[in-house]
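Keep the picture open while you read.

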Amino acid sequence: MTEPKHFQRVLIANRGEIALRIQRACRQLGLETVAVHSEADAQSRHVLEADIALCIGPASAARSYLDAEAIILAARLTGADAIHPGYGFLSENADFAEAVEAAGIHFIGPTPASIRLMGDKITAKQTMQATGVPCVAGSDGPLPTDEQEVLALARKVGFPVIVKASGGGGGRGMRVVWKEEDLLKAVALTRKEAQQAFGNPTLYLECFMQKPRHIEIQVLCDTHGNALWLGARDCSLQRRHQKVLEEAPPPGIPPELIADIGQRCAQACNHIGYRGAGTFEFLYEDGVFAFIEMNTRLQVEHPVTEETTGLDIVCAQIEIAQGKPLTIKQEDVQTIGHAIECRINAENPFSFSPSPGPVTKWDLPGGAGIRLDTHITQGSTVQPYYDSLIAKVIAHGATRTEAIRRLKVALAEMQVEGIETNIPLHQALLEDKGVLDGGVDIHHLEHWLEKRS
Ligand code: ADP
């Protein structure tokens, strides 16, 4: 007798490498896929390979991948009974998740209530504090409108501080303030930007940590009360708050410390009734973890956790949405060896200007421990309308040294023509002493780039 599947056809509300990643997971689970795409992506690999493909709008993301109504209508028209939102676009939009469920379609992700709770960074921090997850010191709530009160709060936290938008995301809507006399102007400016970018002027304030590492915990929770943490990732190599290279496990952090914070994250998940995959992001300095935010979706860097745990996070997301209990327990989750991911972007490696266009040569690396997640094929065109991520090169090895060696060979093997990529940046970074030693802070890459120029 075959097991009941709960749903048969999954609509993938995304594009690029992650759409293909999700499509593969669906196939492995015997599910049909629906690709919804913009006019610009009509020839994209996952669209051509989908069981059903539907164009939902022009190139502009606002009129295609962000058009919730068009996506839900497409699900209805194609008989899709579940939607996977991927990352970015509508993946952390609680209204979208709610509309999907109201239409009688399974949302492959957390409940709308969890997305809403964690989408507001102030309520997220308050919830974490209440469940025993340590947070970055700060205003413990929205910034008041009274200027004297704001000044008093910042003095209490201590300069430098970082002013952040409660509804912010994607590295936008925050400003570092070094001196008291700059505070009120910075608050006014950030408030205006937050209103414009996120439609929410609410701000909060945190102590600006000067040499932290960005460490995050991956969680996976079913609907039967089982919450697991799947180890930690180090995503400290960032430019403009955007991750460039990620690895698991974080070098040099005692496993007991990671286990302690991991358990707290799993407990917090149980507390809020979290469902599906999620990530708790922390700043880590001097042996202390401090929560900054939770991402209620699949992350770009999930493969490094998959490679070190041997688990398939996307398949697990789908099975959780089907109501299946997790088949593993916390003691079954192990971290085996080391994995590093390089985000390959279509951009100039040092000026970072985007480099869209046709890819005339696309030779991919291979061999032991190398995984490539990409939607690009020779002859495809990198579109100028979306983010510039075109591939992820993931190397796994028994040790960090072996993973780095494999990664270097893979990057040297990868041949791309027609567009520029940041492969030379990754190659240069893999010669940097700080990166080779491991454990650099979140400002390392920016400082390294300044020194080069
Ligand atoms: P977003 O949702 O936009 O990604 P986050 O709150 O996750 O915003 O912060 C993004 C990045 O900004 C972090 O990875 C870190 O590099 C930096 N950052 C955020 N808060 C602080 C802080 N309190 N001190 C120092 N750096 C910070």
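The buried residues of helix 3 (68–78) pack against several neighbours, listed here:

| Neighbour of helix 3 | Residues |
|---|---|
| strand 1 | 9–12 |
| strand 2 | 32–38 |
| strand 3 | 52–57 |
| strand 4 | 82–84 |
| helix 4 | 94–102 |

A quick word on ground rules: this is a predicted model, where local features need pLDDT of at least 70, side-chain atom pairs count only at pLDDT 80 or more, and totals for chains, interfaces and linings use all residues. Residues are numbered from 1 along each chain as its sequence is written. Helices (H or I, at least four residues) and strands (E, at least two) are DSSP runs, numbered from the N terminus.

So which residues of helix 3 are buried? They are Ile71, Ile72, Ala74, Ala75 and Thr78; buried means 20 or more other C-beta atoms within 10 Å of a residue's own, and exposed means 12 or fewer. These five cover an arc of only 155° around the axis, so they sit on the same side of helix 3. Over on the other side, Glu69 and Leu77 are exposed.

Now for a pair of helices.

Definitions and conventions:
The arc is that of the directions from the helix axis to the C-beta atoms. Two residues are in contact if their C-beta atoms, placed from the backbone, lie within 7 Å.
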